[in-house]
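Please consult the sequence and the structure shown here while reading.

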Amino acid sequence: AEPKAATSPPLQGFIKGNEFIVRIERSLETNIGLNLDALDEESAFVDGILPGSIEAWNQAHPSDPRLQQYDRILGVNGLRGHTDTLLREMRQNAVWDLVVHRPIEVKISVDCAKNPTLGLDLKYSPNGGSLLISTVSEGAIREWNQSSSSSCKVGKHDRVIEVNGVRGTARQLLDTATNVTTLDLVSFTSLDKAHLLVVVRARLAKRPQSRDVGRISRDR
């Protein structure tokens, strides 16, 4: 699909809900210092900030909007569309006007013992530190969505970032999610559309059983 031109918001500050504009100026000769993944194909997910242009910009502008870990970059210099378009625009330009979505933390709990599967289709990047939820099908998570009175529901493009107190690689998160009966999830959501960062705390069963999360695919 062709990239869609974004509207013309102010150069800095919130524009709606948890979306805001941040302007960053960087040197093309300096390392950018961003770990990004493009798993959802609609945004660039900030998996981490390393020493480089972005860290230096944040430190030099403490009172301005800034990029931080777990932000989703939705637009770059007036362009929205496929993530490849966003990343190309970022590589080619020293000045970025970014439309950024920042999530909010929410806590949920599901009882895995009552359901043989979580019903999550997950995607991950080998070097990433999160699991992208691509779909939620029949299982414990959908049951929680249906029974919860909360307006926040686990769904497409949410992220699992911690399991049972463990934050690490995507593979570590997957390994920690097995053999559990109860999941207490601390999640992040937006005010206007649900994008969660899911933190899972799990208790081992007395007689552990394998826990099926759903389908898992690894990004190249």
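## A buried aspartate

D37 has a relative accessibility of 8% and therefore counts as buried; buried means under 20% relative accessible area, exposed over 50%, and partly exposed in between, with a 1.4 Å probe and protein chains only. This residue lies in strand β4. Helices (H or I, at least four residues) and strands (E, at least two) are DSSP runs, numbered from the N terminus.

The side chain of D37 makes a polar contact with the side chain of R159 at 2.8 Å. A polar contact is a pair of N or O atoms within 3.5 Å; within protein, one must be able to donate a hydrogen and the other to accept it, and residues adjacent in sequence count only if both atoms are side-chain atoms. Apart from neighbours within four places in sequence, D37 is in contact (heavy atoms within 4.5 Å) with S43, A44, F45, S130 and R159.

## Basis and confidence of the model

The model is predicted: local features need pLDDT of at least 70, side-chain atom pairs count only at pLDDT 80 or more, and totals for chains, interfaces and linings use all residues. Residues are numbered from 1 along each chain as its sequence is written, and side-chain values use heavy atoms, with hydrogens and water left out.

The average pLDDT, the predictor's confidence in each residue from 0 to 100, is 77 for the protein, and 71% of the residues score at least 70. Over residues 190-194 the pLDDT is below 50, and this stretch has 14 contacts in the model beyond near neighbours in sequence. Residues 201-212 also have a pLDDT below 50, with 34 contacts beyond near neighbours in sequence.

## Overall architecture

The protein contains 4 helices and 15 strands. Of its 220 residues, 48% are buried. Among contacts between residues at least 6 apart in sequence, 66% join residues at least 24 apart.

Strand β6 (residues 72-76) is largely enclosed by the rest of the structure, because 5 of its 5 residues are buried. It pairs with strand β5 (residues 44-49) in the antiparallel sense over 2 bridges, where pairing requires that DSSP finds at least two bridges between the strands. A44 stands opposite I73 in β6. Strand β8 (residues 95-101) also pairs with β6 in the antiparallel sense, over 4 bridges; L98 in β8 is the bridge partner of V76.

In helix α2 (residues 83-92), the buried residues include T83, L86, L87 and M90. The buried residues of α2 pack against β4, β5, β6, β7 and β8.

## Salt bridges

The model has 7 salt bridges, each defined as a side-chain nitrogen of Lys or Arg within 4 Å of a carboxyl oxygen of Asp or Glu. One of them joins the side chains of R23 and D97 (2.7 Å, N to O). R23 lies in strand β3 and D97 in strand β8, so this pair ties together parts that are 74 residues apart in sequence. R23 is partly exposed at 27% relative accessible area, whereas D97 is buried at 18%.

R102 and D71 form a salt bridge through their side chains (2.7 Å, N to O). This pair links the loop between β8 and β9 to the loop between α1 and β6, 31 residues apart. Both R102 and D71 are buried.

D175 forms a salt bridge with R171, the closest N and O atoms being 3.4 Å apart. These residues are separated by about one helical turn, because they are 4 residues apart in helix α4. D175 is partly exposed at 46% relative accessible area, and R171 is partly exposed at 44%.
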